[in-house]
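Q: I have a model open and want to go through a few local details. Can you take them one at a time?

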Amino acid sequence: MSDSDTLDHESEREETESFDTEPHPNLYRHGRRYSLTHLEQHPWPIDEIEKDRLEEQHVLLRELFDDRLYLAPIESPRSVLDIRTGTGCWAMECAERYPSSTVRGIDLVNMQDEWVPPNCEFWVDNLCQPGWHTQYTNIDLVHINQIQGDRQLLSLLLEGSYSCCAPGGWVEIRDMRVQLDNPGEDSPFHNYIREMATAQARDGRQMDLPLHFGAELTRHGFTNITERNYDIPLCTKGRDKLKERIIQNWTTGLEGYSFTLLEKHLGKNFTETVLMCASARRALKGKIEGYLQIQVVYGQKPS
């Protein structure tokens with residue numbers, strides 16, 4: 001821990017009925033707030049800046065999906081789990097759309113609102129431990145948000161999802177990755193992606209993990225696997241407004257996504273990371289050939 005780091009041993013939020021009551025100490029670094037307890041598993045900010053970005057991202061992706069919250073072919077699920085719920089906005093909207101359902105949002109960290117629909121609740125739980133799913137049964141839909149390249153976590157989540165799903169229930173995973181047409185190109189953006197790929201690999205993560213979601217669902221016993229890819233051009237000049245806003249939202253989060261991993265694994269300081277991210281954003285205003293691929297994969301537990 002550096003001299004610029006400060007600790008806050010207060011709870012990340014006041015006690016509510018939905019959450020556990022254990023304190024969750026915070027770590028403040030370079031003006032951003034992190035979960036100290038789960039920094040290894042969740043090395044990204046949990047502050048208001050990141051919450052605002054993720055909530056905007058939820059709205060943009062919902063529009064991309066033609067106002068659908070999920071793509072799996074299930075109507076009015078009665079019991080829903082939202083895993084890695086983040087800000088909880090997906091879970092709350094799902095609860096509002098399906099008032100007769102019960103929706104539970106689960107995550108390692110506390111980023112959710114205190115006031116929620118009466119049929120929605122949030123729990124802080126260690127999803128990295130086997131058996132996280134034992135208290136959930138007969139789930140109609142398990143919605144899994146971005147897992148940031150963590151293959152071990154993916155396996156744990158799919159094992160648990162299969163166990164707690166009702167026969168005929170569905171699991172849907174949503175994530176995103178960058179696909180460059182010329183990955184060896186020498187531009188600030190390409191350099192940023194290569195550095196992040198190295199840092200992620202040293203952290204035990206895979207940037208291309210979403211490409212394996214279908215195979216992993218099959219390996220864990222799910223059937224009727226369907227994969228949907230949405231390719232958003234990295235160069236949005238002349239593109240429609242929605243795709244431009246999706247790229248802008250994603251690039252706004254580069255620093256928060258990068259700080260901890262680049263420092264831990266590549267020794268980069270705060271200034272180096274800020275300059276790298278700024279240069280990567282500027283490069284995107286030129287002609288970077290490639291896509292931000294948003295991938296949605298779903299499968300069904302056999303009846």
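**Cysteines, loops and a helix**

A: Cys235 counts as buried, at 10% relative accessibility. Buried means under 20% relative accessible area, exposed over 50% and partly exposed in between, with a 1.4 Å probe and protein chains only.

Q: What kind of model is this, and how are residues numbered?
A: This is a predicted model: local features need pLDDT of at least 70, side-chain atom pairs count only at pLDDT 80 or more, and totals for chains, interfaces and linings use all residues. Residues are numbered from 1 along each chain as its sequence is written, and side-chain values use heavy atoms, with hydrogens and water left out.

Q: How many disulfides does the structure hold?
A: The structure holds 0 disulfides. Cys94 is in none either; its nearest cysteine sulfur, that of Cys120, is 8.4 Å away.

Q: Is Cys94 buried or exposed?
A: Cys94 is buried, with a relative accessible area of 0%.

Q: Switching to backbone: what is phi of Arg84 near, and where does the residue sit?
A: Phi of Arg84 is near 60°, a positive value in a residue other than glycine. Arg84 sits in the loop between strand E4 (79-83) and helix H2 (89-97). Helices (H or I, at least four residues) and strands (E, at least two) are DSSP runs, numbered from the N terminus.

Q: And Asn138?
A: Phi of Asn138 is near 55°, also positive in a residue other than glycine. Asn138 lies in the loop between strand E6 (120-124) and strand E7 (139-144). Asn138 counts as exposed at 52% relative accessibility, whereas Arg84 is buried at 8%.

Q: What does Gln148 touch?
A: Gln148 touches Trp44, Arg84, Asp175, Gln200, Arg205 and Tyr257, not counting residues up to four places away in sequence; contact means heavy atoms within 4.5 Å. Gln148 is in the loop between E7 and helix H3 (151-164), and at 17% relative accessibility counts as buried.

Q: Last one: which residues of H6 are buried?
A: In H6, Leu242, Ile246, Ile247, Asn249, Trp250 and Thr251 are buried. H6 covers residues 241-252. At the start of H6, a side-chain oxygen of Asp240 reaches to within 3.1 Å of the backbone nitrogen of Leu242.

How values were computed. Expected span 1.5 Å × (residues − 1). Polar contact = N/O pair within 3.5 Å; in protein donor to acceptor, adjacent residues only side chain to side chain. Disulfide = S-S within 2.5 Å.
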